[in-house]
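This report covers the fold, the strand pairing, the nonpolar core and the salt bridges of one protein model. The sequence and structure come first.

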Amino acid sequence: MKKTLQNKLFIIALTVAMILSQGTISNATTIDNIDLPVVTENDLNELSESYETLGLLRYQYVTIVTPSLSISGGRGYCTSTVVMGSAKEIHVNVALQRSTDGINFSNVASWSNDFSNVGSNVVTGDASVTSGYYYRNETTVIVRSGQTVLETIYAQSAIRYY
């Protein structure tokens with residue numbers, strides 16, 4: 001992968017991470033105010049070829065899954081965005097999970113929704129959290145065509161100690 005493409009993707013990823021680290025995205029947070037580099041179709045083709053060459057995991061129907069978790073005022077706020085590249089039926093389950101050791105997690109609360117549109121699909125939820133535990137957002141995405149499961153994806157947010 002060319003260095004310029006790596007730099008562009010790094011800047012975009014860093015910007016998205018900074019926005020997500022703010023906890024919640026308000027109406028005032030818009031991508032229009034941010035000077036991001038332009039990623040061209042050639043850049044994306046090169047990236048795709050690089051992934052194929054390296055044998056990295058690529059999803060067939062889902063473009064990206066971004067689970068996030070913020071904790072404030074004794075509540076855990078989960079947001080998961082699933083970007084679909086093709087119109088398929090998807091079931092998104094978002095689980096707020098808790099752990100005493102940061103390794104073995106169990107569900108505190110969960111929220112889910114079904115979608116069938118291309119583009120960005122978001123599931124959010126919040127629940128009470130207790131101090132002294134590790135927390136994360138674990139998101140499961142199931143892509144279906146009728147009753148046939150085409151793809152299952154598991155993604156976790158960063159772990160937070162509260």
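## Overall fold

Along the sequence, the elements of the protein chain run α-α-β-β-β-β-β-β-β-β. That gives two helices and eight strands. The model is predicted, not experimental.

The protein chain has 162 residues, 31% of which count as buried. Its accessible surface comes to about 9800 Å², and carbon and sulfur atoms account for 49% of that area. For contacts between residues at least 6 apart in sequence, 60% join residues at least 24 apart.

Strand 3 (residues 89-99) pairs with strand 4 (residues 106-115) in the antiparallel sense, over nine bridges.

Six residues lie between the two strands of the hairpin. There, Gly 102 takes a positive phi near 80°.

## Nonpolar core

The largest nonpolar core has 21 residues. Those that touch the most other members are Val 62, Val 65, Val 82, Ile 90, Val 92, Leu 96 and Val 141. Two or more residues each come from strand 1 (62-72), strand 2, strand 3, strand 4, strand 5, strand 6 (134-145) and strand 7 (148-156). Strand 3 gives the most, with four residues. In soluble globular proteins, nonpolar side chains tend to be buried together.

Val 141 shows how these parts meet. Leaving aside residues up to four places away in sequence, Val 141 touches Val 62, Val 65, Val 82, Ile 90, His 91 and Val 92, and also Glu 151, Thr 152 and Ile 153.

## Salt bridges

How many salt bridges does the structure hold? There are two salt bridges. In one, Arg 75 is paired with Asp 126, with the closest N and O atoms 2.8 Å apart. This pair links distant parts of the chain, since Arg 75 is in strand 2 (residues 75-84) and Asp 126 is in strand 5 (residues 119-128), 51 residues apart. Arg 75 has a relative accessible area of 30%, and Asp 126 has one of 34%. Both values fall between the 20% limit for buried and the 50% limit for exposed, so Arg 75 is partly exposed and Asp 126 is partly exposed.

The other salt bridge joins the side chains of Arg 136 and Glu 138, at 3.4 Å from N to O. Arg 136 and Glu 138 are both buried.

Key
Residues are numbered from 1 along each chain as its sequence is written. This is a predicted model: local features need pLDDT of at least 70, side-chain atom pairs count only at pLDDT 80 or more; totals for chains, interfaces and linings use all residues. Side-chain values use heavy atoms; hydrogens and water are left out. Buried means under 20% relative accessible area, exposed over 50%, partly exposed in between (1.4 Å probe, protein chains only). Contact means heavy atoms within 4.5 Å. Accessible areas come from the Shrake-Rupley method with a 1.4 Å probe; for residues, only the protein chains shown count as cover. A salt bridge is a side-chain nitrogen of Lys or Arg within 4 Å of a carboxyl oxygen of Asp or Glu. Two strands pair if DSSP finds at least two bridges between them. A nonpolar core is a set of buried Ala, Val, Leu, Ile, Met, Phe, Trp, Tyr and Cys residues joined through side-chain atoms within 4.5 Å.
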